[in-house]
Amino acid sequence: VFHIHVDYLAHFMNALEVNQGQLPLYLGIGGSLWTAADTHFGVRIPFGINYIFGDVPLDIFAEIAPGMQLIPATDLLLEGGIGIRYWIR
């Protein structure tokens, strides 16, 4: 199975205060493409929280992403994840 998704995220940088780094909430919209026996395409609306380290362009995150599969058939989806992101600045 191959799965890729691309999201545009809007970060709310001042939502939560921390002593070091930043702890924003985020909301976004994106697309998802995966292959199994068939090729599937859908849309997703991720929201979550991430911790951005002060001097390093890295963050750790937890998110949930409700969405809808559009191809080959319409179906509701619920995705989620935890991970590390590298920021390209």
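Which side chains meet in a salt bridge of 2.8 Å, N to O? They are those of arginine 44 and glutamate 63. A salt bridge here is a side-chain nitrogen of Lys or Arg within 4 Å of a carboxyl oxygen of Asp or Glu. The model is predicted, with local features needing pLDDT of at least 70 and side-chain atom pairs counting only at pLDDT 80 or more, while totals for chains, interfaces and linings use all residues. Residues are numbered from 1 along each chain as its sequence is written, and side-chain values use heavy atoms, leaving out hydrogens and water.

The whole structure holds four salt bridges. Arginine 44 pairs with aspartate 7, the closest N and O atoms being 3.0 Å apart. Because arginine 44 lies in strand S3 and aspartate 7 in strand S1, this pair ties together parts 37 residues apart in sequence. Strands (E, at least two residues) are DSSP runs numbered from the N terminus. Glutamate 79 also forms a salt bridge with arginine 44, with the closest N and O atoms 2.5 Å apart. Glutamate 79 lies in strand S6 and arginine 44 in strand S3, so this pair ties together parts 35 residues apart in sequence.

Arginine 44 counts as buried at 3% relative accessibility, whereas aspartate 7 counts as partly exposed at 25%. Buried means under 20% relative accessible area, exposed over 50% and partly exposed in between (1.4 Å probe, protein chains only). Glutamate 63, in strand S5, is buried at 13%.

The side chain of glutamate 63 also joins that of tyrosine 26 in a polar contact of 2.7 Å. Such a contact is a pair of N or O atoms within 3.5 Å; within protein, one must be able to donate a hydrogen and the other to accept it, and residues adjacent in sequence count only if both atoms are side-chain atoms. Over the ring of tyrosine 26 sits the charged end of arginine 85, 5.1 Å from the ring centre. Arginine 85 also lies over the face of phenylalanine 61, at 4.0 Å from the ring centre. The criterion is NZ of Lys or CZ of Arg within 6 Å of the ring centre and within 35 degrees of the ring normal.

At isoleucine 71, in strand S5, the relative accessible area is 48%, so this residue is partly exposed. A cis peptide bond joins isoleucine 71 and proline 72, with omega about 10°. Most peptide bonds are trans. Proline 72 lies in the loop between S5 and strand S6 (75–86).

Notes: Helix = DSSP H or I, 4+ residues; strand = E, 2+ residues; numbered from the N terminus.
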